Amino acid sequence: MMASNPTTTTTSSGASASTLLQNSGSEEDLQNVMDQRKLKRMRSNRESARRSRQRKQKHVDDLIAQVGFLRKENSQILSRLNITTQHYLKLQSENLTLRSEVLDLTAKLHSLTNTLHYIEEISGLVMDIPQIPDPLLKPWQLPCINQPIMASADMFQY
């Protein structure tokens, strides 16, 4: 063991006190170096964790922004879908009305044709009465004047 005066005493192993002080100094230096490395590693780990938290926060912020964008886009798509559906339902209703009118007019035309045939039989006059196709069997052969279809430009926006 070491004595109270490190410069003149010797230990039981025969080493002088000054050698122990040098060893003790290098142990302290070694401990200081280890502490500095530990402190440096701890700071580096903290900085790395801080950067990781920043990246994570940026990723979360980007995801939140993307959710907002997608919700807005979804809302716009739903709005366009609703408008298109309303437009479709309106056209479907108009189409049903027109089909009904075609059937009514065809029935009237058949009635008038039958009346003309009856008048032809009674009077003995020969009339040129065209045959009228059945609109339910062949709707594309209706006796209609060919008219171009004029569609409004906004109909094709949807």
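**A helix and its salt bridges**

Arg 51 and Glu 47 form a salt bridge, with their closest N and O atoms 3.8 Å apart. The term covers a side-chain nitrogen of Lys or Arg within 4 Å of a carboxyl oxygen of Asp or Glu. The model is predicted: local features need pLDDT of at least 70, side-chain atom pairs pLDDT 80 or more, and totals for chains, interfaces and linings use all residues. Numbering starts from 1 along each chain as its sequence is written, and side-chain values use heavy atoms, without hydrogens and water.

Why can Arg 51 and Glu 47 be about one helical turn apart? Both sit in helix α1, and they are four residues apart, so about one turn separates them. The helix is a DSSP run (H or I, at least four residues; strands are E, at least two), numbered from the N terminus. Arg 51 has a relative accessible area of 38%, so this residue is partly exposed. Glu 47 is partly exposed too, at 30%. The cut-offs are under 20% for buried and over 50% for exposed, with partly exposed in between (1.4 Å probe, protein chains only).

Glu 47 has another partner. Its side chain meets that of Arg 50 in a salt bridge, at 2.2 Å from N to O. Here the spacing in helix α1 is three residues, which again gives about one helical turn between Glu 47 and Arg 50. Arg 50 counts as partly exposed, because its relative accessibility is 34%.

Move along the helix to Lys 58 and Asp 62. This pair also forms a salt bridge, with the closest N and O atoms 3.0 Å apart. Lys 58 and Asp 62 are four residues apart in helix α1, so about one helical turn lies between them. How exposed is each side of the pair? Lys 58 is exposed, with a relative accessible area of 53%. Asp 62 is partly exposed, at 39%. How many salt bridges does the whole structure hold? A search finds three.

Now take the fold as a whole. The protein has one helix and zero strands. Helix α1 spans residues 17-123. Of the 158 residues, 5% count as buried. Thr 106, in helix α1, is buried, because its relative accessible area is 9%. The accessible surface of the protein comes to about 14,200 Å², and carbon and sulfur atoms own 57% of that surface. Areas come from the Shrake-Rupley method (1.4 Å probe; for residues, only the protein chains shown count as cover). Among contacts (heavy atoms within 4.5 Å) between residues at least 6 apart in sequence, 27% join residues at least 24 apart.

Where does the surface carry a nonpolar patch? Look at Leu 116, Tyr 118, Ile 119 and Ile 122, which together have about 400 Å² of accessible area. Patch members have over 30% relative accessible area and no salt bridge; nonpolar side chains (Val, Leu, Ile, Met, Phe, Trp, Tyr) are joined within 5 Å, like charges within 9 Å. Tyr 118 belongs to helix α1. At 53% relative accessible area, Tyr 118 is exposed. Ile 119 is in helix α1 as well. Ile 119 is partly exposed, with 37% relative accessible area. Which residues does Ile 119 touch, leaving out those up to four places away in sequence? They are Gly 124 and Met 127.

Last comes confidence. The mean pLDDT (the predictor's confidence in each residue, from 0 to 100) of the protein is 78. Of its residues, 67% reach 70 or more. Residues 1-15 stay under 50 throughout, and the model gives them 16 contacts beyond four places in sequence. Over residues 145-153, pLDDT is also below 50, and this stretch has one contact beyond near neighbours in sequence. Where pLDDT is low, predicted coordinates should not be read in detail.
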